[in-house]
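Please work through the exercises below with the sequence and the structure at hand, trying each task before reading its solution.

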Amino acid sequence: MMHQAHVTIAGAGFYVPPRVVTNNDLSQRLETDDEWIVQRTGIRQRHLVEESVTTTDLATRAAWAALDQSGTAAEEIDLVIVATSTPDDRFPSTAARVQHAIGATHAAAFDLSAACSGFVYATAVGSQWIETGCFRNALVVGVDVFSRIVDWRDRRTAILFGDGAGAVLLRRTEKPYPYYLSLGADGSGGELLRAPMGGTVSMNGTEVYKFGVRIIPSLLQEALQALHLTIDDLALVIPHQANARIIESAAKKGGYPFEKFFLNVDRYGNTSAASIPIALTEALQQKAVREGDLVAMIGFGGGLTWGIHVLSVYAR
């Protein structure tokens, strides 16, 4: 929960499969239409993998993109963490496969599972090891292929999810910068959003909506108070892209300007652990975040789990 740390986001990248499925496409097999989906979720399309594409394939492409954007060689990576709920195998880990695929021959590697909060959990773990001095460079990937665990006959969940991967390169800085971290979980809410082994995603949409609207402003207020900052001191808040209505209602509940929240859920849907790094990468590409800026990444989802991570971008 430190208020300063020697950690920065040195680069980011993402990859989504080329196949685009629009709301109109879904309406061909579900009792729904584009207007109904957009009004309730803000989603207009999502990217889905082909049968031959693996979670590792997506994660590796995102990892390469982050390394390229940061100007970092794979041999410089000390640690690879992959946040995913849809690994290709129980073991070896997706992270170990990515480590091999990119040639990060000096890196430790493991997976982490915290559903839609997974990426924030993973950046928390990576940054703590950097802060302790154990590692200098940590590659953190969020990736999920929910198209393989969704019941495509269920309108409540089939409209929500997309496939994709996003990655960041965390690096140790010479001097400390503002930093805040808070993670949480409540296993009593596990039945609200779950995917049993061999089964498909089930969700109590009303309760998950209430949870998201409540937890986002609570985490943000907690972080700003701890850092003695205001919302104006953040370049952007990058929330998990679950549902545009959740994010809009959460901003209103907290009294925060909606324009501070970055959204791209309309084009990718809910990509679970990949949603925050995909959004962060697009924010960087659009110059909405610049060198030295602070961003707040907020994750929430199955577990129930939640977390906020405030740190700098491109600091030195």
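The model is predicted, so local features need pLDDT of at least 70 and side-chain atom pairs count only at pLDDT 80 or more, while totals for chains, interfaces and linings use all residues. Residues are numbered from 1 along each chain as its sequence is written, and side-chain values use heavy atoms, with hydrogens and water left out.

**Exercise 1.** Find what the buried residues of H3 pack against.

Solution. Begin by locating helix H3, which covers residues 55–70 (helices are DSSP runs of H or I with at least four residues, strands are runs of E with at least two, and both are numbered from the N terminus). Next, pick out its buried residues, among them Leu58, Ala62 and Leu67, where buried means under 20% relative accessible area, exposed over 50% and partly exposed in between, with a 1.4 Å probe and protein chains only. Finally, the buried residues of H3 are seen to pack against strands S1, S6 and S7 and helix H4, contact being heavy atoms within 4.5 Å.

**Exercise 2.** Describe the salt bridge between Glu207 and Lys210.

Solution. First apply the rule, a side-chain nitrogen of Lys or Arg within 4 Å of a carboxyl oxygen of Asp or Glu; the closest N and O atoms of Glu207 and Lys210 are 3.5 Å apart. Then look at their positions, 3 residues apart in helix H7, which means that about one helical turn separates Glu207 and Lys210. Lastly, Glu207 is partly exposed at 31% relative accessible area, and Lys210 is partly exposed at 44%.

How values were computed. Expected span 1.5 Å × (residues − 1).
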